[in-house]
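I am opening a notebook page on this structure. The entries below record what I looked up, in the order I looked.

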Amino acid sequence: MSPPDSWRGKDEKRVEIKRIGVIGAGQMGSGIAQVAATAGYQVKLMDASCSQLDKGLAFIAKTLQRNVTKQRITEEEKSQILSRIEGITELKAAAEDSDLVIEAVVENMEVKSQVFKQLDEYCPSHTILASNTSSLPITEIAAVTNRPEKVIGMHFMNPVPVMKLVEVIRGLATSDEVFQTVEALAIQMGKTPVEVNDFPGFVSNRILMPMINEAIYAVYEGVATPEAVDQVMKLGMNHPMGPLTLADFIGLDTCLYIMETLYEGFGDSKYRPCPLLRKYVKAGWLGRKSGRGFYLYHQ
Ligand code: CAA
Ligand code: NAD
């Protein structure tokens, strides 16, 4: 059943998006900032950690340089794109003149709630607040703000500059105008939006993450090595990456958070996170970003 129109702010005007704030400059935030600036938006990329911000900005410059080498953009276009991205460490500065903010901090409800409370305080009243969460309820995130009709899920896929999909997730109170604005923005950013309702893991991670978790169980139970599991899925199912390579790529901490959200959200034992996944995360083996997960990486 749909909520009544009054909940969805039926009479609201569509906001024109010119300035975008991106919160979190990790692998997702930096990718989102890059595609937004490439599409012509002014971007403020914020991270609480100076070193993470520098890493994110350096990765954007490297990816754009690759596009110059491949003759997809000119040197001049690269410079223009980079000039549209300002890196900052103050949340207030990213919030106060943005028409839309996309949050991409760690997949943890407490941290996200804190960020959304602050965004609600600092952003102008017209600003749309979007979360790139992989699995957490948009309705619950929206409830910590005084503008639940302007809160929405905008779930990009990793690596953002390459993957076409954006899941657009309506919270219970998200207005139609906000939904349409974000759908149009995703298209403007060269992506294909797909509308999804607010249930744990949405569609993408409700289907993908149990497969990854099962692959981890196969290793845990000694069915096969990580290499063998990945070979089976790559050569047998034509997946571009095996599930354990993909888990390392996503980040094992993020995979665990998503499984926990599915397990708690549905209360169904079929979503229980594999103990080996917990062990790796506790050991700080987070995959590619920490240099070790199911495989070893040179930083
Ligand atoms: N950022 C920017 N560009 C990247 C990139 C990154 N992190 N990683 C790879 N690329 C680019 C490469 O530079 C290369 O570009 P060129 O066209 O200039 O050569 C292109 O992608 C292809 O890369 P490679 O040739 O090195 O390797 P590949 O052919 O194996 O492709 C891949 C890499 C696109 C990542 C491919 O392996 C793939 O599609 N893997 C699966 C990715 C996937 O499933 N993503 C979804 C994860 S789940 C998620 O995002 C949701 C969630 O909430 C967890
Ligand atoms: P990441 O660990 O690479 O980056 C997270 C960044 O957030 C870090 O740079 C950290 O310093 C910063 N941060 C943490 N708390 C902060 C705060 N309070 N204020 C500002 N910055 C803060 O993580 P990621 O992989 O980029 O994931 C970010 C979000 O995107 C998560 O919600 C995740 O579930 C989602 N997501 C991840 C993927 C993926 O494949 N990794 C795909 C889609 C969505």
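Entry 1. Which strands are included in what covers the buried residues of α7? I note first that the model is predicted. The cover includes β1 (19–23), β4 (100–103) and β5 (128–131), together with β6 (151–156), β7 (165–170) and β8 (192–197). I then listed the residues of α7 that are buried: Asp176, Glu177, Val178, Phe179, Thr181, Val182, Leu185 and Ala186. The helix lies across β1, β4, β5, β6, β7 and β8, and it runs at about 25° to β6.

Entry 2. I checked the length of α7, which covers residues 176–188. With 13 residues at 1.5 Å a residue, the helix should span 18 Å, and I find its end C-alpha atoms 18 Å apart, so the two agree. Gly190 follows α7 and has a positive phi, near 80°.

Entry 3. I went on to the sheet. In what order do the eight strands stand? The order is β3-β2-β1-β4-β5-β6-β7-β8, in an open sheet with mixed pairing. β3 (85–88) and β8 are at the edges and have a single partner strand each, so one side of each is left without a neighbour in the sheet. From one strand to the next, the twist averages 25°.

Entry 4. I looked at one pair of strands in detail. β6 and β7 run antiparallel and are joined by five bridges. Phe156 has Val166 in β7 as its bridge partner.

Entry 5. Which residues touch the most other members of the largest nonpolar core? They are Ile20, Met154, Phe156 and Met189, in a core of 38 residues. Helix α1 (residues 27–38) gives the most to this core, namely six residues. I also noted a second, separate core of 26 residues, which includes Val219, Leu252, Leu256 and Tyr295.

Entry 6. I listed the contacts of Ile20, leaving aside its neighbours within four places in sequence. Ile20 is in contact with Ala36, Tyr41, Gln42, Val43 and Lys44, and also with Ser98, Leu100, Ile102 and Leu185.

Entry 7. Is α1 largely enclosed or largely open? It is largely enclosed by the rest of the structure, because 10 of its 12 residues are buried. I wrote down the buried ones: Met28, Gly29, Ser30, Gly31, Ile32, Ala33, Gln34, Val35, Ala36 and Ala37. After α1 comes Gly40, with a positive phi near 105°.

Entry 8. I turned to a pair of helices. The axes of α8 (residues 204–220) and α12 (residues 275–282) come within 8 Å and cross at roughly 90°. That angle makes α8 roughly perpendicular to α12. On the α8 side, Asn213, Ile216, Tyr217, Val219 and Tyr220 make the contact; on the α12 side, Pro275, Leu276 and Leu277 do.

Entry 9. Does Asp253 count as buried or exposed? Its relative accessibility is 15%, and the cut-off for buried is under 20%, so Asp253 counts as buried. I find Asp253 in helix α11 (residues 252–266). Leaving aside its neighbours within four places in sequence, I list Val281, Leu286 and Lys289 as its contacts.

Methods: Residues are numbered from 1 along each chain as its sequence is written. Chains are lettered from A and ligands numbered from 1 in the order in which they are written. This is a predicted model: local features need pLDDT of at least 70, side-chain atom pairs count only at pLDDT 80 or more; totals for chains, interfaces and linings use all residues. Side-chain values use heavy atoms; hydrogens and water are left out. Helices (H or I, at least four residues) and strands (E, at least two) are DSSP runs, numbered from the N terminus. The expected span of a helix is 1.5 Å times one less than its number of residues. Buried means under 20% relative accessible area, exposed over 50%, partly exposed in between (1.4 Å probe, protein chains only). Contact means heavy atoms within 4.5 Å. Two strands pair if DSSP finds at least two bridges between them. Axes are lines fitted to C-alpha atoms, for helices over the stretch in contact, and angles run from 0 to 180 degrees between N-to-C directions. A nonpolar core is a set of buried Ala, Val, Leu, Ile, Met, Phe, Trp, Tyr and Cys residues joined through side-chain atoms within 4.5 Å. Angles under 35 degrees count as roughly parallel, over 145 as roughly antiparallel, 65 to 115 as roughly perpendicular and the rest as oblique.
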